[in-house]
Amino acid sequence: MVGGYSPGLAGARMKLTRPEHAPLPTPRDILEHLDRHVIGQQDAKRAIALAAYAHMRRAEAVRRGYDGLWRKSNILLIGPTGSGKTLLAQHLAGVLRAPITVADATEYTEAGYYGKDVELMITDLYLRAGHSVEDTQRGVVFIDEVDKLARRSQGAQNGAGARDIGGEGVQQALLKLLEGREVQVPAGAGQPWSRQESVVIDTTGILFVCAGTFTDLYGDLETRRPIGFDSGRGTGQRERRRIETKDLVAYGMLTEFLGRLPVVVELRSLTAHELERILVEPEDAVVKEFRSRLALDGVDLVVRQSAVREIVRYALARQVGARGLRAILEEVCADVLFEAPELGSRKVVVDAAYVRRQLKRAQTTREVDARA
Ligand SMILES: Nc1ncnc2c1ncn2[C@@H]1O[C@H](COP(=O)(O)OP(=O)(O)OP(=O)(O)O)[C@@H](O)[C@H]1O
Ligand SMILES: [Mg+2]
């Protein structure tokens, strides 16, 4: 499997191919779908919805024989860790009913070197499309961690990662895929017993979504404070200017690479309020999940708003972000989960005081364990 990810749950559950006559989801449909799963990041969601819509329109036009000039809207997602980049890609695939593969850029090497060849991304997409060439050619390839491909020659000042010239080679190799090119993939990919025939996949219609944190870049933008930069003094907020192509080039990305990613989308760090919403709002929110888990034992779990706030406070203090919310709730509910089958039909209310108690206990247990 490329990158060791699996497609989003939503993607997996939905039917892959869109019936021929079903209307295309509009940008608004896509946005509404993303809204159900991804909290905040409004600008990013709108831009992605628009790019995805254009992608599907184009794929449809191509199917009808259109061969004019219509550039693909490949996307570059930039944002701090845990802000929802991978989540967005997964749910995007869900709404497009398109096959998606998620690749980790750091696992690839340029052709001829030891490691994975970038064309394997297409092979994997072909596998996920159930060996359908047509579906593969309108699929989505999500390439995570592209910031780690930054060129590190010329004594780059920002010292991100130890990766050297190799990253640049992978950027070079990706250029060809991004702009559209025919790639041969083994027809029996994933079936070791099959004969090694190959099929040709045209990557022209494949939507590429690249993502990276570009961490050091953020630091730079906040501290350098160029002229005309709104430091947000009036609002008391720490703002920064938008990332521009020249920043990314200075970071070590190839101009040609960036040129093939015309849609640049920035995600912001999540606020406390957004983290609170993430706990309870999305269709697959962790609080909802725990409620339904406990409901199987007849327990009616009620998580008070005060508890939600307390959990988020803890997550922020530990700097674990959205990713850590599940683990925290797991600790908070450990006893309830353990005793649930014995509790019978009962209502269990979790408030801030309970959260504090449980987390303190979990922490003490860990400390005792560490000493033992
Ligand atoms: N905006 C959001 N709305 C809802 N849940 C979110 C959001 N951002 C993050 N999460 C939660 O946090 C988890 C991690 O987010 P995600 O994998 O998308 O981060 P990322 O931006 O790709 O980070 P990284 O750069 O580390 O890969 C998600 O699975 C989800 O549970
Ligand atoms: Mg990610």
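Reader: How are things numbered and lettered here, and which pLDDT cut-offs apply?

Author: Residues count from 1 along each chain as its sequence is written, while chains are lettered from A and ligands numbered from 1 in the order in which they are written. In this predicted model, local features need pLDDT of at least 70, side-chain atom pairs count only at pLDDT 80 or more, and totals for chains, interfaces and linings use all residues.

Reader: How many helices and strands does the protein chain have?

Author: Helices (H or I, at least four residues) and strands (E, at least two) are DSSP runs, numbered from the N terminus. The protein chain has 16 helices and nine strands.

Reader: Which residues make up the two faces of strand S8?

Author: In a regular strand the side chains alternate between the two faces of the sheet. In S8 (residues 299-303), Val299, Leu301 and Val303 form the covered face, and Asp300 and Val302 the uncovered one. S8 runs parallel to strand S9 (residues 346-350), joined by five bridges; strands pair if DSSP finds at least two bridges between them. Val302 has Val349 in S9 as its bridge partner.

Reader: Which residues come nearest to ligand 1?

Author: A residue is near a molecule if its C-beta atom, placed from the backbone, lies within 6 Å of it. Around ligand 1 there are 19 residues, of which Thr81, Gly84, Lys85, Thr86 and Ala322 come nearest. Helix H4 (residues 85-96) gives the largest share of this shell, three residues.

Terms used. A residue is buried if 20 or more other C-beta atoms lie within 10 Å of its own, exposed if 12 or fewer, and partly exposed in between; C-beta atoms are placed from the backbone.
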